[in-house]
Amino acid sequence: MTRRTPRLLTVALAVAALALGACAEPDDDEPTPGASGAAGQFPVTVGKLTLEKRPEKIVSLSATATEMLFAIGAGAQVTAVDERSNHPPEAPKTDLSGFQPNAEAISAKNPDLVVLSDDMNKIVDQLTALKIPVHLTPAAQTLDDTYRQIGELGQLTGQVDGAADLTRRMKDDIAKLVKDLPKRAEKLTYYHELGPELYTATSKTYIGSLYALVGLENIADASDADGKSGGYPQLSQEVIVSADPDFIFLADTKCCQQSAQTVGARGGWAGLTAVKNNRIVPLDDDIASRWGPRVVDLLRAIVDAVAKAPVA
């Protein structure tokens with residue numbers, strides 16, 4: 001992988017590195033693959049994890065998993081979350097870290113379930129040795145992965161109906177958002193900025209798949225034809241200026257204070273189509289780096305911006 005700052009590595013871990021697959025979405029009424037146990041009843045098994053009873057002291061060390069847990073109705077069962085879990089506001093934030101997890105600190109919370117997105121520092125083995133149940137929700141590669149993870153958390157928390165309802169609403173909302181987009185003779189192009197160092201995400205990523213749903217063409221795809229960057233290449237000023245994207249989406253408005261003004265002030269960028277036509281779209285950094293329920297909000301921001309562009 002090319003050079004990357006720690007902050008950008010965090011973003012890359014948060015959004016998955018593979019493209020949206022073409023597999024069919026499972027029916028809402030079908031059980032989660034690998035799951036057993038009647039809906040909402042225990043014991044329940046998801047993958048290799050079996051819970052004998054409903055967990056009431058859940059520790060979430062994944063900002064995305066925290067959002068999922070609260071969205072399916074399991075918020076009251078969550079007793080501690082990591083320092084990056086800032087949504088919803090009522091989530092019980094602590095100084096626990098999902099990126100540098102400490103088994104002793106986690107154990108001190110007396111959890112009956114720990115949810116993680118990454119097995120950093122071999123934390124899964126450490127917690128397993130302490131007889132603490134662990135469930136992994138790795139960065140999604142597809143929207144189907146998001147729905148599957150929501151379903152699994154629903155099974156493990158006894159919130160099966162809440163998980164099914166959330167998934168149904170997400171699918172319906174996404175379908176409605178893309179349904180009425182105007183048909184265009186040529187695709188509009190875009191550049192998605194992860195940071196002012198000009199790292200970006202190609203179509204072969206979770207975030208890139210959302211733009212594809214809206215019918216946009218990614219200017220970064222040609223720069224990652226060999227796949228060596230894992231879907232997150234660093235572009236040059238020359239490549240971006242030459243591609244002249246119709247839209248620039250900024251996922252670095254909080255972390256790096258980027259805006260239409262800062263982008264327009266970059267050398268050679270004032271003449272870009274996106275700058276001249278006021279099509280620089282600020283995104284919420286947190287929402288743009290997570291694969292949970294608020295992916296609908298991210299897609300809405302993209303759709304709203306594209307809908308305002310005149311149809312040739």
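Biologist: In what order do the 4 strands of the open sheet run?
Modeller: The order is 9-8-10-11, and the pairing is parallel. Keep in mind that this is a predicted model.

Biologist: Which are the edge strands?
Modeller: Strand 9 (217-218) and strand 11 (280-282). Each of these pairs on one side only.

Biologist: How many bridges link strand 8 and strand 10?
Modeller: There are 4 bridges, in the parallel sense.

Biologist: And how many join strand 8 to strand 9?
Modeller: That pair has 2 bridges. Strands 8 and 9 run parallel.

Biologist: Why call strand 8 largely enclosed by the rest of the structure?
Modeller: Because 5 of its 5 residues are buried. The cut-off for buried is under 20% relative accessible area.

Biologist: Which residues sit on each side of strand 8?
Modeller: Thr189, Tyr191 and Glu193 are on one side. Tyr190 and His192 are on the other. Every one of these is buried, which leaves both faces covered.

Biologist: Moving on to the crossover. What handedness does the β-α-β unit of strand 8, helix 7 and strand 9 have?
Modeller: The unit is right-handed.

Biologist: Which ones are buried in helix 7?
Modeller: Tyr206, Ile207, Gly208, Ser209, Leu210 and Tyr211.

Biologist: What do the buried residues of helix 7 pack against?
Modeller: Two of the partners are strands: strand 8 (189-193) and strand 10 (247-250). The helices in that list are helix 5 (143-157), helix 11 (285-288) and helix 12 (295-307).

Biologist: What happens to the backbone just after helix 7?
Modeller: Glycine 215 takes a positive phi there, about 85°.

Biologist: Which residue has a positive phi of about 50° although it is not a glycine?
Modeller: Aspartate 244. This residue lies in the loop between helix 8 (237-243) and strand 10. Aspartate 244 is partly exposed, at 27% relative accessible area.

Biologist: And which has one of about 55°?
Modeller: Glutamine 257, again not a glycine. Glutamine 257 lies in the loop between strand 10 and helix 9 (260-264).

Biologist: Is glutamine 257 buried or exposed?
Modeller: Exposed, with a relative accessible area of 55%.

Biologist: Why flag these backbone values at all?
Modeller: Because most residues other than glycine have a negative phi, and most peptide bonds are trans.

Biologist: Last topic, peptide bonds. Where is the cis bond with omega near 5°?
Modeller: From phenylalanine 42 to proline 43. Proline 43 is in the loop between strand 1 (35-36) and strand 2 (44-46).

How values were computed:
Residues numbered from 1 in each chain as written. Predicted model: local features only at pLDDT ≥ 70, side-chain atom pairs only at ≥ 80, totals over all residues. Heavy atoms only, no water. Buried < 20%, exposed > 50% of the residue type's maximum accessible area, 1.4 Å probe, protein only. Contact = heavy atoms within 4.5 Å. Pairing = 2+ DSSP bridges. Right-handed = clockwise from strand over helix to strand, strands pointing away.
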